[in-house]
Amino acid sequence: MSGLSSATAVAEGVALLVEGRAEIVKEDEALGRSQAIQDALENALIRAAERIVTDRKAPEKLNAVKAALAGKADRYIGNYRIVSEIRQEDFYQVEAQVLVRERLLGEDLIQMGLLPQQRSGDV
């Protein structure tokens with residue numbers, strides 16, 4: 001049974017549990033919630049990119065990847081589900097299960113020149 005779920009995860013992407021947080025400005029809780037969700041999606045994208053960029057000795061490479069992906073979370077998110085959410089004082093916080101299209105992300109990072117070309121099936 002675990003082989004089936006692993007195959008499904010590989011085919012669809014990688015599922016990550018992440019948190020997102022945003023400040024609530026002028027008591028606009030809806031906007032704070034929306035921004036917290038966006039923060040969670042971007043955090044999932046960065047975590048997925050960190051899984052792909054395995055050269056931990058080159059933090060400048062990871063910083064370049066983060067800069068290249070800024071604001072592009074929608075392209076790589078398959079779907080997400082809010083697991084929990086809470087308002088804390090002037091902040092809104094969410095926890096989300098996010099499916100990141102890791103294969104597409106890896107292919108785009110190669111095209112951007114941020115990862116070396118790999119044999120097909122390696123990404």
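**Salt bridges, core and confidence in a predicted chain**

Q: How many salt bridges turn up in the whole structure?
A: A search of the whole structure finds six. A salt bridge here is a side-chain nitrogen of Lys or Arg within 4 Å of a carboxyl oxygen of Asp or Glu.

Q: What kind of model is this, and what are the ground rules?
A: This is a predicted model: local features need pLDDT of at least 70, side-chain atom pairs count only at pLDDT 80 or more, and totals for chains, interfaces and linings use all residues. Residues are numbered from 1 along each chain as its sequence is written, and side-chain values use heavy atoms, with hydrogens and water left out.

Q: Which residue does arginine 87 bridge to?
A: Glutamate 29, with the closest N and O atoms 3.1 Å apart. Arginine 87 sits in strand E2 (residues 77-88) and glutamate 29 in helix H2, so the pair links distant parts of the chain, 58 residues apart. Helices (H or I, at least four residues) and strands (E, at least two) are DSSP runs, numbered from the N terminus.

Q: Which residues are in the network with them?
A: Glu27, Glu29 and Arg87 are linked in a network of salt bridges.

Q: What about arginine 33?
A: Arginine 33 pairs with glutamate 85, closest N and O atoms 2.6 Å apart. Arginine 33 lies in helix H2 and glutamate 85 in strand E2, so the bridge ties together parts 52 residues apart in sequence. Arginine 33 is partly exposed at 31%, and glutamate 85 at 35%.

Q: And where does glutamate 102 go?
A: To arginine 51, with the closest N and O atoms 2.9 Å apart. Glutamate 102 is in helix H5 and arginine 51 in helix H2, 51 residues apart. Glutamate 102 is buried, at 18%, whereas arginine 51 is partly exposed, at 48%.

Q: Switching topic. What's the element order?
A: From the N terminus, α-β-α-α-α-β-β-α. That comes to five helices and three strands.

Q: Which residues touch the most others in the largest nonpolar core?
A: Leu69, Val98, Val100, Leu105 and Leu109, out of 31 residues. H2 gives the largest share, nine residues. A nonpolar core is a set of buried Ala, Val, Leu, Ile, Met, Phe, Trp, Tyr and Cys residues joined through side-chain atoms within 4.5 Å.

Q: What is valine 98 in contact with?
A: Leaving aside neighbours within four places in sequence, its partners include Val14, Leu16, Leu41, Ile77 and Tyr80. Contact means heavy atoms within 4.5 Å.

Q: How much of the chain is buried?
A: Buried residues make up 33% of the 123 residues.

Q: Where is confidence lowest, and where highest?
A: Lowest in helix H1 (residues 2-12), at a mean of 42, and highest in E3, at 98. The chain's mean is 84, and 82% of its residues reach 70 or more.

How values were computed. Buried means under 20% relative accessible area, exposed over 50%, partly exposed in between (1.4 Å probe, protein chains only). pLDDT is the predictor's confidence in each residue, from 0 to 100.
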